[in-house]
Amino acid sequence: MKLSRDLLFAYVDGELSAEEARRVAEEVAKDAELHAYVEAQKTLKAQLQAAFKPIMEAPAPERLARAVNETPIPESKTVAPLAGWARHGFLKKLLRAPALLPAGAMAAGIVLGFLLADSFGMGGDISGQGGRLITQGQLSRALSNRLAEDDASGSATRIGVSFVSRAGQFCRSFETARAEGTVAGIACRDNALWRIAALSSEAPRARTEFQQAASGMPAAIRDALNGMIVGNPLDADAERAARNQGWRAR
Amino acid sequence: MDAAHAELRSQMMALLPRLRRFALALTGRTAEADDLVQDTVERALRNLDRFVPDTRMDSWLFRIAQNLWIDTLRARKVRRHTRNDLSEAEQLPYDGARAAESHLLLSQTLTALGALPEDQRDVVALVLIDGLSYREAASILEVPIGTVTSRLARARDALALRVFGGTQVPETLQ
């Protein structure tokens with residue numbers, strides 16, 4: 001039997017069948033050097049496990065027990081809203097165009113219902129145009145002008161992170177407060193418009209001052225962002241430069 | 001429905017120690033590890049409809065934790081090597097002579113893990129520390145098994161170097 005390092009590691013990790021393990025053990029027993037090597041690998045593994053023993057034996061902190069017992073489990077989130085939306089022609093188109101809304105975000109509870117109520121009317125932040133959702137009004141202005149570092153108190157919209165998407169466009173995450181609740185989303189600059197790439201009405205999580213903008217995002221938006229982003233989010237200088245040149249794709 | 005939820009919560013509670021250990025191996029700090037565990041638990045429960053009943057909850061939670069940790073690293077632009085300090089010593093809630101001993105071993109181990117590239121640390125945490133099979137680790141990390149074994153081999157060499165000052169690879173294996 002030809003021994004290799006990988007075979008010995010598989011042996012140490014219990015990956016071999018009983019028959020294979022027996023044959024390896026025989027070979028190893030014949031050779032002191034091999035035996036020492038295998039023992040060292042076993043010791044390494046045992047030592048790693050021993051090092052973490054205190055945390056395995058410690059009682060879990062109260063806040064974790066609370067998270068397990070008290071985090072609300074939503075009722076099935078995906079089915080009900082869809083029936084209502086599908087009546088709208090452009091929404092049917094939207095739902096057939098997976099590129100517009102990440103599938104994961106959809107499953108995680110994107111709710112467009114109350115946004116659309118006034119999108120078809122006047123003065124909403126978001127409207128449909130040629131089968132796409134675009135921003136308008138104060139949301140558009142905030143996306144175009146506001147830097148993440150600017151003081152946003154008094155504004156309905158908060159800008160989160162700015163980044164470059166795989167499509168090479170500038171995109172920004174936002175939260176905008178509405179009478180019905182806060183909506184979070186991602187908008188990407190597309191032909192001088194801010195096109196909505198993801199939208200969620202799931203409440204953003206409370207954020208401490210130590211956390212970055214991204215950590216307060218609803219999971220659906222963070223998932224969408226992670227699927228879109230290339231490299232790291234823009235830093236303050238890059239964000240300013242992008243704004244000053246009108247968020248034109250590079 | 002409620003009974004089913006209660007059962008899932010109790011399964012999750014039983015997995016907390018392993019989840020904390022995994023998170024500590026990834027993050028290197030207890031406070032950060034517990035933040036990660038809390039985020040993981042909350043996200044899992046909010047998305048419980050995505051958990052396939054009768055599949056392994058441990059793998060599902062590890063995958064969520066690992067993805068969240070990648071998000072955190074990306075969002076904070078954390079670079080691995082900034083982590084390798086020993087300030088962990090002040091954060092751990094252990095005291096007493098025996099505890100201090102195991103505590104030192106943990107500090108040293110976290111330092112050694114911290115020196116590994118992120119992708120190797122994931123594999124070490126799952127296979128060497130948690131004892132999962134190569135197949136389970138590959139499924140959690142969504143990589144081929146060959147990737148798990150090659151990362152593991154590199155990580156073993158690096159850890160052996162730190163822990164034992166290196167191991168002599170027998171001639172028959174070279």
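One term before we start: a contact means heavy atoms within 4.5 Å. What share of the contacts in chain A with a separation of 6 or more comes from residues 24 or more positions apart? The share is 51%.

Now the ground rules. This is a predicted model, where local features need pLDDT of at least 70, side-chain atom pairs count only at pLDDT 80 or more, and totals for chains, interfaces and linings use all residues. Residues are numbered from 1 along each chain as its sequence is written, chains are lettered from A and ligands numbered from 1 in the order written, and side-chain values use heavy atoms, with hydrogens and water left out.

Chain A, then. Chain A has 250 residues, and 45% of them are buried. Buried is under 20% relative accessible area, exposed is over 50%, and partly exposed lies in between, with a 1.4 Å probe and protein chains only. Look for twelve helices and seven strands. Both are DSSP runs numbered from the N terminus: helices are H or I with at least four residues, strands are E with at least two. The accessible surface of chain A is about 12200 Å², and carbon and sulfur atoms hold 53% of that. Those areas use the Shrake-Rupley method with a 1.4 Å probe.

On to chain B. Here we find eight helices and zero strands. Of the 174 residues in chain B, 53% are buried. Contacts in chain B between residues at least 6 apart in sequence join residues at least 24 apart in 65% of cases. Chain B exposes about 7800 Å², with 53% supplied by carbon and sulfur atoms.

Next, the interface. How many residues of chain B are in contact with chain A? There are 61, and they meet 59 residues of chain A. The area buried between the two chains is about 5600 Å², with 61% from carbon and sulfur atoms. Buried area is the accessible area, 1.4 Å probe, that two parts lose on being put together, summed over both.

Five salt bridges cross this interface. The rule asks for a side-chain nitrogen of Lys or Arg within 4 Å of a carboxyl oxygen of Asp or Glu. Take Arg222(A) and Asp71(B): they form a salt bridge, with the closest N and O atoms 3.7 Å apart.

Which helices of chain B touch chain A? Those supplying at least two residues each include helix 1 (2–27), helix 3 (57–76) and helix 8 (145–164).
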